[in-house]
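Have a look at the model below.

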Amino acid sequence: MAAGAFVKDKVVLVTGAGGGIGRDFALALAREGARVVVNDIGATVDGKGQDLTRAQGVVDEIRAGGGVAIANGDSVADWEAANRMVAQAVDAFGQIDCVINNAGILRDRFFHNMNIEEWRAVIDVHLNGAFYVSRAAAPYFKAQQSGAYIHMVSTTGLIGNLGQANYAAAKLGIVALSKSIAMDMARFNVRSNCISPFAWSRMIGSIPTETPEQQARVQRLQKMETSKIAPLAVFLASDAAAGVSGQIFAVRANEIFLMSQIRPVRAMHTAEGWTPQSVAQRVLPAFRSSFYELDRSQDVFDWDPV
Ligand code: NAI
């Protein structure tokens with residue numbers, strides 16, 4: 001592991017870092033001098049079970065390369081546990097400088113068949129988990145007048161996808177959470193940003209490969225290595241990202257994107273006030289050409305990864 005110093009001595013908690021994108025974050029941060037808390041409950045992709053060896057395995061890899069890391073096997077979906085993982089970082093290293101909310105699960109189902117348990121499980125890990133871990137770190141960030149949050153979001157929420165209403169709602173909720181944190185904590189020099197990754201991990205490994213079109217898509221996806229997301233995350237955790245807050249980035253192999261945020265695209269007004277009839281007669285024809293299609297992520301990102 002070639003040593004760098006981009007985030008030297010910073011203490012970074014990465015959730016869900018026992019595999020996939022989070023593992024590459026932990027390895028890259030440690031290579032750049034950070035002290036890393038590798039959290040992972042070690043669950044299956046649908047959030048079942050617990051396996052502490054996943055987080056410990058990444059810690060062992062970091063230590064073998066001369067880096068500094070400790071393991072934590074708590075669930076982000078539990079407020080007390082989220083406080084414990086932040087406390088563990090502070091107990092071990094005396095501070096906490098960055099939280100990366102990366103832990104995640106999927107419970108895909110078409111909306112009309114989705115049950116309450118599938119909805120709650122995904123909201124709990126993604127949206128509630130991001131709140132719990134971020135909130136647990138907030139008093140430390142406030143006291144030291146610095147800190148950085150990085151939240152993993154998804155084009156499923158930013159753009160759209162089929163069969164992922166729970167995940168889309170959770171991820172777009174995290175975008176709003178990040179913006180709110182960025183605004184509320186700017187006075188304490190705390191930054192909060194989102195990364196929407198595209199990466200071939202076990203999380204998207206279940207994409208069906210029945211038709212030739214699906215097989216071609218999966219072949220393209222496999223080019224998107226999980227390690228390609230890490231440079232942006234390490235940058236956002238570093239002091240070089242001073243002033244960068246409230247933004248949404250996306251990374252796909254060698255491409256980095258700045259994503260738009262929702263703003264009005266068309267406006268009409270009337271001195272008399274609107275009636276349902278005048279909305280139908282005047283507003284609809286004017287607005288229709290600006291309506292968004294029911295785009296999925298792949299309809300917008302419709303070129304091959306570079
Ligand atoms: P992954 O399944 O490889 O990693 C997620 C990790 O989170 C797993 O190691 C799992 O054990 C852990 N985890 C699950 N529930 C947890 C809990 N309650 N507490 C602590 N850890 C828990 O998935 P991947 O692809 O690395 O995803 C990382 C993040 O990136 C997720 O937030 C995911 O939603 C997001 N993402 C990934 C995309 C991709 O293309 N792979 C696309 C868009 C978003």
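A residue is called buried when its relative accessible area is under 20%, and exposed when that area is over 50%. Keep in mind that this is a predicted model. With that cut-off, cysteine 98 counts as buried, because its relative accessible area is 0%. Cysteine 194 is buried as well, at a relative accessible area of 1%.

So what about disulfides? A pair of cysteine sulfur atoms has to lie within 2.5 Å to be called one, and by that rule the count comes to zero. For cysteine 98, the nearest cysteine sulfur belongs to cysteine 194 and sits 13 Å away. Look from the other end and the story holds: the closest cysteine sulfur to that of cysteine 194 is in cysteine 98, and 13 Å is too far for a bond.

Now move to helix α2, which covers residues 53-64. Which residues of α2 are buried? They are Ala55, Val58, Val59 and Ile62. Seen down the helix axis, the buried residues of α2 fall within an arc of 100°, which means they line one face of the helix. What do they pack against? The partners are α1 (20-31), β2 (35-39) and β3 (68-72).

Turn to the other side of α2 and you'll find Thr53 and Ala64, both exposed. Carry on past the helix and you come to glycine 66, which has a positive phi, near 90°.

Note on methods. Residues are numbered from 1 along each chain as its sequence is written. This is a predicted model: local features need pLDDT of at least 70, side-chain atom pairs count only at pLDDT 80 or more; totals for chains, interfaces and linings use all residues. Side-chain values use heavy atoms; hydrogens and water are left out. Helices (H or I, at least four residues) and strands (E, at least two) are DSSP runs, numbered from the N terminus. The expected span of a helix is 1.5 Å times one less than its number of residues. Buried means under 20% relative accessible area, exposed over 50%, partly exposed in between (1.4 Å probe, protein chains only). The arc is that of the directions from the helix axis to the C-beta atoms. Contact means heavy atoms within 4.5 Å.
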